[in-house]
Amino acid sequence: MIPFNKPYLTGKETLYIEDAVKRGHIAGNGYYTKKCQNYFQSNFGFKKALLTTSCTDALEMCAILANIKAGDEVIIPSFTFVSTALAFVRQGANIVFADSYSDNPNIDTTKIEGLITSKTKAIVVVHYAGLACDMDAIMAIATKHNVLIIEDAAQAICSKYKEKYLGSIGHLATFSFHETKNIISGEGGLLAINDERFIDRAEIIWEKGTNRAEFFRGEVNKYGWVDTGSSFLPSEIIAAFLWAQIENILDIQNKRLEHWFFYYNNLGEWAKNNHIKIMPLPEKEANNAHMFYLICKSEAQRSALINHLKTREIHAVFHYLSLHNSDYYKSKHDGRALPNSDEFTKRLLRLPMFYELNEKKVVKAILEFKTQLG
Ligand SMILES: *Cc1c(COP(=O)(O)O)cnc(C)c1O
């Protein structure tokens, strides 16, 4: 069986966990947390990086930092994972869902301005499959309308928009180290802060609303409860695991790119013959090989292809159910149709993608699939 995802272990994870235990400090914000955060700050251009227990938690921190209150509006693509919206809904926001482009699941920037009202506080953009949203257009809208931009870069580690790493452009950004992402810690995430105004408060929210981080740096002589917050920081055990992954990040990325290009170079003609579209070829540094997806001609064709692969012991999956049609939010949605998001819900298929993948076997099985005529 070729699974859809298999978490990759570099071999050093348990060694570093053992070391963290031996150091005698296994709560958060210790040796390995600092190593990881310094790495992200020095290599990706973030002004401040804070490890979190998940990308969902990092998004919740963004909602608190953005001062989202009941009745505020937040613009979010409908074609995304639940957490992108959930974090803001918990603060009382009304979500104004935006559609995708017709040929790309990312938020259609030409539609955003029409959704902005006096209540709009933030726009959350999602770099789907690690491919950048049109950040120049998005940041121009932010400046013009004085709204915050939060990049949900859960899938976008190591990928760039023009010269800049994704996650370093919006006011705030979030990453995921869930076991389905490129580098992992089981569950885990990161808040990247690019607008310095948010740094001090983010540290407080991260540490249960206390100024404990300042205290440990010797900047204040006692610590206490100064703001809202939660326990958003992971233990050193998680950070130690993540450090082993970070040390191997280039190797992991190269391997994934090899698989990605094998799919890209070998599926084009088959796709054309079957009226299927394959992922576009991004510019060199704008591809992190998080995912390889196909856009099938119809939902029926996608089901047939999934079944075909299943008979050859290969697990391919689809997602997302557009959030404006979700059980939880459909009654709260304002009723606008979002046809492009719905099309991706019906027709997008993700192929297996992980470090140890035998992509030749997957391609061979796919090439045996012929769409039935009629
Ligand atoms: C994976 C993912 C998340 C959630 O990440 P967690 O670390 O599991 O909370 C959020 N948004 C997007 C776009 C994702 O792909």
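In the predicted model, an N or O atom in the side chain of Lys 181 lies 3.3 Å from an oxygen atom of the ligand, a polar contact being a pair of N or O atoms within 3.5 Å. A polar backbone atom of Cys 55 is placed 2.9 Å from an oxygen atom of the ligand, and a nitrogen atom of the ligand is 2.8 Å from a polar side-chain atom of Asp 152. The ligand exposes 390 Å² when taken alone, of which the protein buries 92% (Shrake-Rupley method, 1.4 Å probe).

The ligand is surrounded by 15 residues (a heavy atom within 4 Å of the ligand); Thr 56 and Ser 176 are among the closest. This shell comprises five nonpolar, eight polar and two charged residues, with Gly counted as polar and Cys as nonpolar.

The protein chain is assigned domain 1 (13–248) and domain 2 (250–372), with bounds from an automatic or database domain assignment. Their C-alpha centres are 26 Å apart. Contact (heavy atoms within 4.5 Å) involves 37 residues of domain 1 and 34 residues of domain 2.

Residues are numbered from 1 along each chain as its sequence is written, and side-chain values use heavy atoms, without hydrogens and water. Local features need pLDDT of at least 70 and side-chain atom pairs pLDDT 80 or more, whereas totals for chains, interfaces and linings use all residues.

Conventions: Polar contact = N/O pair within 3.5 Å; in protein donor to acceptor, adjacent residues only side chain to side chain.
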